[in-house]
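Biologist: I have not looked at this one before. Can you show it to me, and then I'll ask about the parts?

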Amino acid sequence: MGKHSITVGEIEMTITNPEKLLWKGVTKADYLHYLTKISPLMLPYLKDKPLTVIRYPDGIDGEAFYQKNCPEYAPDFIQTIQYHDHKSIICSDLPTLLWLGNQAAIEFHTPFAPFQSEDPSEIVFDLDPPSQKAFNLAVEAAKQIKIILDRLHLTGFLKLSGNKGLQIHIPLPLNTFTYDQTKTFTSFIANYLVEINPEHFTIERLKKNRQGRLYIDYVQHASGKTIIAPYSVRGNQSGLVATPIEWSEVTDHLTPLHFSMKEVLKRKVSPFRGYEEARVEQPFQEILSWLIAQNKK
């Protein structure tokens, strides 16, 4: 399959086996094209985040493995930091993104904070239905959370998980709140949703006990845990993308199956625009203080 040299900025890179199939009908060259085109929208959400990737060296039908540590053979331009027990890659530029893509890194997972902080810079609710066929449950849960966020004057940003669910990101002021404090909020919202709709929603972690209900995962929002990054492709047969979407797109017609790499590249504007502005405007302290007061009653 050979090699191919490219120059990105001032970095000369070698692309190996560009014709290797990563998905049916999708080569590594196709995947690198996607990463190049989507990089202006994707990189802001990778910046300064210690990276965990899932690599598929033989394509998504082959064996996959998690990579938290930067390999010894990484070129000098790859930025790393010591993060907890790992020498983690920081992917803040296109050469790093393409180098990882050439390594068949398909899924990009990040923690909830930049490496400079141990406190969360966002809250994420993961709405996980039992199957893609039950995606309507994720739509229903997202609509309910949107009503709550609007009442609380909080701004949330919505994305498809790239598999079968939806995820709601709520940016927070940097270095302001702890995971214990955000859990006060996430547990309240999750329990409230289950209380108003116990037939469809659950916080039961064991899949066998969920009985076809959507799992509202707030426990995953914790130090050391990660979430799929916006615009990352997933290692599933369809090559679906964890795509940010507008709240207006949350209808009964919404399906993850419409969000392949090819389709996502047609979306020129990120629905996550305004994320940084929302971060500093969130009235989260007021909400947290009220919740703490309620818990003391």
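Biologist: Which residue in β12 is the bridge partner of Val124?

Modeller: His169 is the partner of Val124. Keep in mind that this is a predicted model.

Biologist: How many bridges join β10 to β12, and do they run parallel or antiparallel?

Modeller: Six bridges join them, and the two strands run antiparallel. β10 covers residues 122-128 and β12 covers residues 166-171.

Biologist: What is the order of the strands in the open sheet?

Modeller: The order is β13-β14-β10-β12-β11-β16, six strands with mixed pairing. The edge strands, each pairing on one side only, are β13 (201-202) and β16 (244-245).

Biologist: Which strands does helix α3 touch?

Modeller: Helix α3, residues 135-152, packs on the sheet and touches β10, β11, β12, β13 and β14. The direction of α3 makes about 20° with that of β12.

Biologist: And where does α4 lie?

Modeller: Helix α4 (residues 179-196) lies across β10, β12, β13 and β14. Its angle to β10 is about 25°.

Biologist: Changing topic to α1 and α2. At roughly what angle do their axes cross?

Modeller: Roughly 150°, with the axes coming within 10 Å. An angle over 145 degrees counts as roughly antiparallel, so that is how α1 and α2 are placed relative to each other. The crossing is right-handed.

Biologist: Which residues make that contact?

Modeller: From α1 they include Leu32, Leu35 and Met42, and from α2 they include Leu94, Leu97 and Leu98. By class, the contact has seven nonpolar, four polar and one charged residues.

Definitions and conventions
Residues numbered from 1 in each chain as written. Predicted model: local features only at pLDDT ≥ 70, side-chain atom pairs only at ≥ 80, totals over all residues. Heavy atoms only, no water. Axes fitted to C-alpha atoms, helices over the stretch in contact; angles between N-to-C directions. Helix = DSSP H or I, 4+ residues; strand = E, 2+ residues; numbered from the N terminus. Parallel < 35°, antiparallel > 145°, perpendicular 65-115°, else oblique. Left-handed = near helix turned anticlockwise from the far one by under 90°. Contact = heavy atoms within 4.5 Å. Nonpolar A, V, L, I, M, F, W, Y, C, P; charged D, E, K, R; others polar. Pairing = 2+ DSSP bridges.
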